[in-house]
Amino acid sequence: MFKFNHNFLDRDSLSRTDPVAIKNRLASTKSKLILFNNRYQVLMQPDGLHLTNAKHLANIPDSKQWIYLGHSEFDPDEPWFCARVNDSEFELSHHQQWHDLRLSLPSITEPTASIVAYAKALLYWHSQHKHCGKCGAKAEVHMSGHERHCPACDHTMYPRTDPAIIIAVTYNEQLLLARQASWPKARYSVLAGFVEPGESFEHAAIREVKEESGLDIHFPKYFASQPWPFPCSIMIGFLAEAKHQNLALLDQELEHAVWVSPENIGSLLSNGELKLPTYGSISHALIEHWANTHQLNLSRWIDN
Ligand SMILES: [Zn+2]
């Protein structure tokens with residue numbers, strides 16, 4: 001239904017403590033290495049993700065630069081790693097190109113897409129936590145890339161993910177869609193926002209809907225979740241029915257919000273007045289779920 005939910009790796013957390021075993025796995029002919037550049041673009045080839053192997057690298061970089069992601073749950077001898085390289089120092093072969101991960105979503109298939117999302121989120125976390133949050137000293141990479149440790153004050157930092165709610169709000173048969181001014185022309189989506197400290201996911205959803213649209217909603221129902229590595233979130237999806245349909249864009253975050261109906265969504269999509277979020281995102285899946293409950297097949301009007 002959507003991407004990043006089919007991770008087939010055994011994260012093999014017990015092995016992270018053994019630098020010798022990790023070094024041997026990195027050098028294995030079965031290793032799968034995902035490379036990102038310093039702009040978080042992922043290395044692609046014409047038919048999808050470029051997965052390199054230790055034997056194809058001129059020099060295996062220092063194993064401390066690599067994050068051990070785990071091994072295939074189908075083959076314990078197939079270890080997966082990721083690393084960031086400086087693209088000005090990395091020589092591309094004729095069929096390799098760096099690609100924006102978000103734009104490449106349609107061409108990276110599952111289950112690999114889930115592993116790429118996991119890799120991207122970890123690499124981003126490292127780039128944002130080079131120094132200790134307590135004393136400011138330089139923090140070292142530990143546990144094969146799954147921790148950072150401060151040698152000055154003994155503080156350990158663990159990878160973080162930022163929870164954000166995303167919610168399909170309906171009123172009778174209508175679905176609420178909205179857009180921010182910075183989005184591409186005619187792009188609309190369901191509402192979303194970050195969870196604040198001290199909030200449950202459900203109350204974050206109630207608050208965000210009120211702040212962004214002025215709507216009061218009935219208690220939201222959980223739909224599904226999706227890791228979203230742009231840069232390091234997890235989206236927690238909900239469905240909720242509004243108590244009224246009077247829109248008021250209270251916090252000015254949205255440029256426009258509109259109720260769409262099962263009767264008019266087809267024509268809006270056909271004539272280009274409405275463009276939906278990327279296929280593979282939970283936002284697209286929430287809209288598709290609403291369409292399915294009204295026996296509408298969105299693929300009639302959009303090209304996935
Ligand atoms: Zn410290």
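**Aromatic rings and their neighbours**

User: Is Tyr-222 buried or exposed?
Analyst: Tyr-222 is exposed, since its relative accessible area is 52% (exposed means over 50%, buried under 20% and partly exposed in between, with a 1.4 Å probe and protein chains only).

User: And Phe-238, buried or exposed?
Analyst: Phe-238 counts as buried, at 1% relative accessibility.

User: What am I looking at here?
Analyst: It's a predicted model, where local features need pLDDT of at least 70, side-chain atom pairs count only at 80 or more, and totals for chains, interfaces and linings use all residues. Residues are numbered from 1 along each chain as its sequence is written, and side-chain values use heavy atoms, leaving out hydrogens and water.

User: How many aromatic pairs turn up?
Analyst: Nine, across the whole structure. Rings of Phe, Tyr and Trp (its six-membered ring) pair if their centres lie within 6.5 Å; planes under 30 degrees apart are stacked, over 60 edge-to-face, the rest tilted.

User: How do Tyr-68 and Phe-81 sit?
Analyst: Their planes are at 45°, so the pair is tilted, with centres 5.2 Å apart. Tyr-68 is in strand E6 and Phe-81 in strand E7, 13 residues apart (strands are DSSP runs of at least two residues, numbered from the N terminus). Both Tyr-68 and Phe-81 are buried.

User: Back to Tyr-222 and Phe-238: what angle do their planes make?
Analyst: 80°, so that pair is edge-to-face, and the centres are 6.1 Å apart. Tyr-222 belongs to strand E15 and Phe-238 to strand E16.

User: New topic: which ring does the charged end of Arg-11 sit over?
Analyst: The ring of Tyr-118, 3.7 Å from its centre (the cut-offs are NZ of Lys or CZ of Arg within 6 Å of the ring centre and within 35 degrees of the ring normal). Arg-84 has its charged end over the ring of Tyr-40, 4.1 Å from the centre.

Conventions: Helices (H or I, at least four residues) and strands (E, at least two) are DSSP runs, numbered from the N terminus.
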